[in-house]
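Student: I would like to learn how to read a structure like this one. Where do we begin?

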Amino acid sequence: KEANVFSATKDGEAVAVKIYRTSANFKRMYEYMAPDPRFTGLKKTKMNIIITWAKKEYRNLLRARAARVRVPTPIAVTQNVLVLEFIGTNFQAAPQLIKSDPTDPQDFFNRIMKEVKILYKEARLIHSDLSAFNILNFNDDPVIIDFSHAVDPNYPDSLRYLKRDIANVCNHFNNKLGLNTNAEEEFRKCTDKN
């Protein structure tokens, strides 16, 4: 919707290149970033917002990686271009969860919920757009992608986004893969003080 992703090579290794469209809905991006305490004083010009959106994803990925959440490693960002670790083999990108069922759905689900919890408690981030479209199934290992929407827990009404993320994942595993997960229970586990 807001970017195109390409594969490329850097020093002979595959990388992903995400180019944010200059035709993207920058007003929506601004409305999303404006309440975020990390972006106080954001100038409301189209290119500034799109460039800040790219930098936001880069910084969110760095935070997630520092907490050891399984996300693509960000390599560089310049203007509206973000270079990332390529998730896949032989220039074949790992499929999205929506297109590739895991061998052991319960185990895969448990590992996603563990990542969401680490993301929230240790990286201090909420993905805010998590679904089976933004989780890759890389050899039966979940990798979370698309962090441009991710917010700090200090973001207004951030727990609503966390609840929605968890509900989206639970709904996918319940409706498509026949599990019996409970979004409310998973939310409590994630936000539990222990």
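Tutor: With a single residue. This is a predicted model. In it, R70 has a relative accessible area of 21%, so R70 is partly exposed.

Student: Where does the boundary with buried lie?

Tutor: Buried means under 20% relative accessible area. R70, at 21%, is partly exposed. E85 is also counted as partly exposed, with 26% relative accessibility.

Student: Which salt bridge do the side chains of R70 and E85 form, and what is the N to O distance?

Tutor: The general idea is that side chains of opposite charge can pair when their charged atoms come close. Here the side chains of R70 and E85 meet in a salt bridge with an N to O distance of 3.8 Å. R70 sits in the loop between α2 (46-66) and β3 (74-78), while E85 is in strand β4 (residues 81-85), so this pair ties together parts 15 residues apart in sequence.

Student: How many salt bridges does the structure hold?

Tutor: It holds 12 salt bridges. Another of them pairs D146 with K18, at 2.9 Å from N to O. D146 belongs to the loop between β8 (142-144) and α4 (158-175), and K18 to strand β2 (residues 13-20), so the pair ties together parts that are 128 residues apart in sequence.

Student: Are D146 and K18 buried or exposed?

Tutor: Take each in turn. K18 has a relative accessible area of 4%, so K18 is buried. D146 has 28% and is partly exposed.

Student: How many positive and negative side chains does the chain have?

Tutor: There are 30 positive and 23 negative side chains, and the centres of the two sets lie 7 Å apart.

Student: Now the whole chain. How many helices and strands are there?

Tutor: The chain has 5 helices and 8 strands. Their order along the sequence is β-β-α-α-β-β-β-β-α-β-β-α-α. The radius of gyration is 17 Å, close to the 16 Å that the globule rule gives for 194 residues, so the chain is as compact as a globular protein of that length. Along the principal axes, the C-alpha atoms fill a box of roughly 45 × 40 × 30 Å.

Student: What percentage of the residues counts as buried?

Tutor: Of the 194 residues, 48% count as buried. The accessible surface of the chain is about 10100 Å², and carbon and sulfur atoms account for 48% of that surface.

Student: How are contacts read along the sequence?

Tutor: Take the contacts in the chain with a separation of 6 or more: residues 24 or more positions apart account for 62% of them.

Student: Which residues does A183 touch, leaving out those up to four places away in sequence?

Tutor: A183 touches I166, A167 and C170. A183 is found in helix α5 (residues 183-191) and is partly exposed, with a relative accessible area of 26%. The C-alpha atoms of A183 and R164 are separated by 8.9 Å, and these two residues are 19 residues apart along the chain.

Key. Residues numbered from 1 in each chain as written. Predicted model: local features only at pLDDT ≥ 70, side-chain atom pairs only at ≥ 80, totals over all residues. Heavy atoms only, no water. Helix = DSSP H or I, 4+ residues; strand = E, 2+ residues; numbered from the N terminus. Rg over C-alpha atoms; globule rule 2.2 N^0.38 Å. Buried < 20%, exposed > 50% of the residue type's maximum accessible area, 1.4 Å probe, protein only. Contact = heavy atoms within 4.5 Å. Areas by Shrake-Rupley, 256 points an atom, 1.4 Å probe, with all protein chains shown as cover. Lys, Arg positive; Asp, Glu negative; His and termini not counted. Charge placed at Lys NZ, Arg CZ, Asp CG, Glu CD. Salt bridge = Lys/Arg side-chain N within 4 Å of Asp/Glu carboxyl O.
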